[in-house]
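This report is for a reader who meets the structure for the first time. The sequence and the model are shown below.

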Amino acid sequence: VWYGATLRGDVHKITVGEGAVIGDGAVVHVAKIGGDFPTVIGARCVVGPNAIVHACTLADSSAVGAGATVLDGAVIGTKAMVAAGALVSPGTKVPSGELWAGVPAKRMRQLAPEELAFLAGSSRNYVALAAPRSCHQPV
């Protein structure tokens, strides 16, 4: 969980999987009014800086871009990506391996093999950056 991020599980629970990354200034919240949704963030997910993840599910190895919003009851599939600045409407199901973008978010295309490989290693890179080290050690 990076600097300035907020995880607010006041009326339901938030689950964050192993190796998941919550970027700087991101907000993770849950819902009770108008639906009863926890937030589930799977293993090795990356939530970009200033993203909003609200009462939804992010499957393993998925990514939510910087400044994107994913709303109540939405499900982002395994190795799927929500582009920076996108708005995933309530109840939307983003299938595995797809890129969604726009406001509201729509399917753009299947992710290419090199993009899928990038997703697989993205959270590991962030975790490595977070490891304690001397200020003289290169990153």
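The model is predicted.

**The sheet**

Six strands make up an open sheet, in the order S3-S6-S9-S12-S15-S16, with mixed pairing. At its edges are strand S3 (21-22) and S16, each of which pairs on one side only.

Strand S9 (residues 63-64) runs parallel to S12, and two bridges join them. Ala63 has Met81 as its bridge partner in S12. Strand S12 (residues 81-82) is in turn joined to S15 by two bridges, and this pair is parallel as well. Here Met81 stands opposite Leu99 in S15. S15 and strand S16 (residues 106-110) run antiparallel and are joined by four bridges. Within this pair, Trp100 has Arg107 in S16 as its bridge partner.

In a regular strand the side chains alternate between the two faces of the sheet. Strand S15 (residues 98-101) can be read in that way: Glu98 and Trp100 point one way, Leu99 and Ala101 point the other way, and all are buried.

S15 and S16 also form a hairpin, with four residues between them. In the turn, Gly102 has a positive phi of about 105 degrees. Pro104 is placed in the loop between S15 and S16 too. The peptide bond that leads from Val103 to Pro104 is cis, with omega near -5 degrees.

**The nonpolar cores**

In soluble globular proteins, nonpolar side chains tend to be buried together. In this model the largest nonpolar core has 24 residues. The residues with the most contacts inside that core are Ile22, Ile41, Val47, Leu58, Val70, Ile76 and Val88. Another core, of seven residues, lies apart from it and includes Ala63, Ala83, Leu111 and Leu119.

Leaving aside neighbours within four places in sequence, Leu58 is in contact with Val40, Ile41, Gly42, Cys45, Val47, Val53, Val64 and Ile76.

**The aromatic residues**

A pair of aromatic rings is described by the distance of the centres and the angle of the planes. The structure holds two aromatic pairs, and the table gives these values for them.

| Pair | Centre to centre | Angle between planes | Type |
|---|---|---|---|
| Trp2 and Tyr3 | 6.1 Å | 65 degrees | edge-to-face |
| Trp2 and Tyr126 | 6.2 Å | 65 degrees | edge-to-face |

Why does the pair of Trp2 and Tyr3 count as edge-to-face? Planes over 60 degrees apart are given that name, and the planes of Trp2 and Tyr3 are at 65 degrees.

Trp2, Tyr3 and Tyr126 form one aromatic cluster. As for accessibility, Tyr3 is exposed, with a relative accessible area of 66%, while Tyr126 counts as partly exposed at 29%.

**A buried serine in the helix**

Ser123 lies in helix H1. Is Ser123 buried or exposed? Its relative accessibility is 1%, so Ser123 counts as buried. The side chain of Ser123 reaches the backbone oxygen of Gly19 at 3.4 Å. Not counting residues up to four places away in sequence, Ser123 touches Gly19, Val21, Arg44, Cys45 and Val46.

Most residues other than glycine have a negative phi, and most peptide bonds are trans.

Arg44 is found in the loop between strand S5 (39-41) and strand S6 (46-47). With a relative accessibility of 35%, Arg44 counts as partly exposed.

Ala55 also has a positive phi, near 55 degrees. The loop that holds Ala55 runs between strand S7 (52-54) and strand S8 (57-58). Ala55 counts as buried, at 0% relative accessibility.

Note on methods: Residues are numbered from 1 along each chain as its sequence is written. This is a predicted model: local features need pLDDT of at least 70, side-chain atom pairs count only at pLDDT 80 or more; totals for chains, interfaces and linings use all residues. Side-chain values use heavy atoms; hydrogens and water are left out. Rings of Phe, Tyr and Trp (its six-membered ring) pair if their centres lie within 6.5 Å; planes under 30 degrees apart count as stacked, over 60 as edge-to-face and the rest as tilted. Buried means under 20% relative accessible area, exposed over 50%, partly exposed in between (1.4 Å probe, protein chains only). Two strands pair if DSSP finds at least two bridges between them. A polar contact is a pair of N or O atoms within 3.5 Å; within protein, one must be able to donate a hydrogen and the other to accept it, and residues adjacent in sequence count only if both atoms are side-chain atoms. Contact means heavy atoms within 4.5 Å. A nonpolar core is a set of buried Ala, Val, Leu, Ile, Met, Phe, Trp, Tyr and Cys residues joined through side-chain atoms within 4.5 Å.
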